[in-house]
Amino acid sequence: MSKQFLPASENGRAHLESLCAILLHAFQHVAYYRDCLLHAGFDDKEIRNDPVAALGALPILDKRILREHFEELKSDDLASRNWHVNTSGGSTGEPARFIQDSEYHLYGMAGKALFDVWTGYKAGEPRVILWGSERDLLVGRETVKARVGRFLRNEVPLNTFRMSEQDLRHFVDVINEVRPVQITAYVESAFELARYVEQHGLEIHSPTAILTSAGTLFPHMRELIEKVFQTRVFNRYGSREVGDVACNCKEQDGLHVNPYTHHVEILREDGTPCDPGEIGEVVVTSLTNRAMPLLRYRIGDLASWAEQACECGRAWPLMQEVAGRVNSILKTRNGTFATAALSTMMYFKDSEKTKPFSSFGRYQLVQKGLDHLVVRLLLENEALFAEEKPLLIHNIKAVFGNDIILDVETPTSLPSNPSGKHIYIWSEVE
């Protein structure tokens, strides 16, 4: 039987063994964690007795700590490992360096392959990759090895770092020519391409599945992508620091966390675990990277656990949803507003969610203060925007209050972060 369908008890036992193993390695070979565990009263024996408690005794790890304690976070057996230095994408404007080894890489490839199988994709079938990072997709400037690898894997990369109308038309033509079984895409890249296809009434090839990643897949985004491409969307969740953590199965009842590669906590502001259905901050422990273990790493996202098991039969931890980035939660004097609600407000004209705004495409909401919001819009039809603007302002003030200072800007371009991802909602309020 495949490990993914083992009973919860067997998955749990294997998971605890992996958690104990990475903690013991960290205690024995990583100065930073050894000091933390000893200070908390844990030695080898205590870690073996209760690895979950030992993990919980560690402080939360973040990018600041990664930068300040880089040397102390290295494993002292690096000389015996095949490793490389990687860097975070810098979505918060604070990139960090970390070390990953070959064991982590191999587990990561296996995890990707498994999630691909869930979408119905088989290795070697044609795939189009809609990715936006100048670092990850240097199309036309790749090494020979990278180009050969893509050829052998039957992958066609399309760089969405820039998405002009000409670029989008080119993407449609390539997809129709390649006829991929799977499209792997940044969430916003797939969404913007779907919007373009729908607005221009174009025909586009329907793949077996679209696998989205590197962004928050809001319900209205999934709905539009599936409608335009006439296929299912599978959302994959992870980060550059810890790899692919979880993914939808065909039931789309949540995201299954891989217990053989990751330990996930969802925590309240006071550090206590969230109940199912309660949104909190995601903290991830990678179980496979011994070169520089990332234990209790603050990934910067908000999510919740599912309240019911998935009907697919996989007894893996199930996240109900990823609600957005921590810095995408806007706080005002009227309350706190989650990203999903705000993105819906910016996309639909009406409360029934049947009529989307048509005069602008991408947008950014930037909170400058509790009573100050900047709205930036990429206009697609100025005349229509003159009609839609009062309704947009009405919708925003209905959420944030009539007293909010609202600046509506219409620049010619919107900045992406260093990874090429478009940031829809961002708070500068401490």
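This is a predicted model: local features need pLDDT of at least 70, side-chain atom pairs count only at pLDDT 80 or more; totals for chains, interfaces and linings use all residues.
**Entry 1: H9 against H10**

From H9, the residues in contact (heavy atoms within 4.5 Å) are Val187, Ala190, Phe191, Leu193, Ala194, Arg195, Val197 and Glu198. From H10 they are His220, Met221, Leu224, Ile225, Lys227, Val228 and Phe229. H9 covers residues 187-199, and H10 covers residues 219-229. I took helices as DSSP runs of H or I with at least four residues, and strands as runs of E with at least two, both numbered from the N terminus.

The two axes lie 9 Å apart, and the packing angle is about 50°. Axes are lines fitted to C-alpha atoms, for helices over the stretch in contact; angles run from 0 to 180 degrees between N-to-C directions. H9 and H10 are therefore oblique. That follows from the classes: under 35 degrees is roughly parallel, over 145 roughly antiparallel, 65 to 115 roughly perpendicular, and the rest oblique. I noted the crossing of H9 and H10 as left-handed. This term means that the near helix is turned anticlockwise from the far one by less than a right angle; clockwise would be right-handed.

**Entry 2: H8 against H9**

Next I checked helix H8 (residues 165-178), which packs on H9 at about 90° with the axes 10 Å apart. H8 and H9 are therefore roughly perpendicular. H8 brings Glu165, Leu168, Arg169, Phe171, Val172 and Ile175 to this contact, and H9 brings Leu193, Tyr196 and Val197.

**Entry 3: the sheet of 11 strands**

I traced an open sheet of 11 strands with mixed pairing, in the order S4-S3-S5-S6-S7-S8-S9-S13-S12-S11-S10. Two strands pair if DSSP finds at least two bridges between them. S4 (155-159) and S10 (262-267) are the edge strands, and each pairs on one side only. Neighbouring strands are turned by 35° against each other on average, direction ignored.

H9 lies across S3, S5, S6 and S7, at about 110° to S5.

**Entry 4: the sheet of 4 strands**

I found another open sheet, ordered S18-S17-S16-S19, again with mixed pairing. S18 (405-409) and S19 (425-427) are its edges; each has a single partner strand, so one side of each has no neighbour in the sheet. S17 (residues 372-379) runs parallel to S18 through 5 bridges. Arg376 faces Glu409 in S18. Helix H12 (residues 382-400) packs on this sheet, touching S16, S17 and S18, and makes about 155° with S17.

**Entry 5: two loop residues**

I checked phi in two loops. Most residues other than glycine have a negative phi. Asn154 has a positive phi of about 65°. Asn154 sits in the loop between H7 (144-153) and S4. With 32% relative accessibility, Asn154 counts as partly exposed. The cut-offs are under 20% relative accessible area for buried, over 50% for exposed, and partly exposed in between (1.4 Å probe, protein chains only). Arg179 also has a positive phi, about 55°, and lies in the loop between H8 and S5.

**Entry 6: the chain overall**

I counted 12 helices and 19 strands. Of the 430 residues, 52% are buried.

**Entry 7: ground rules**

Local features need pLDDT of at least 70, side-chain atom pairs count only at pLDDT 80 or more, and totals for chains, interfaces and linings use all residues. Residues are numbered from 1 along each chain as its sequence is written, and side-chain values use heavy atoms, leaving out hydrogens and water.
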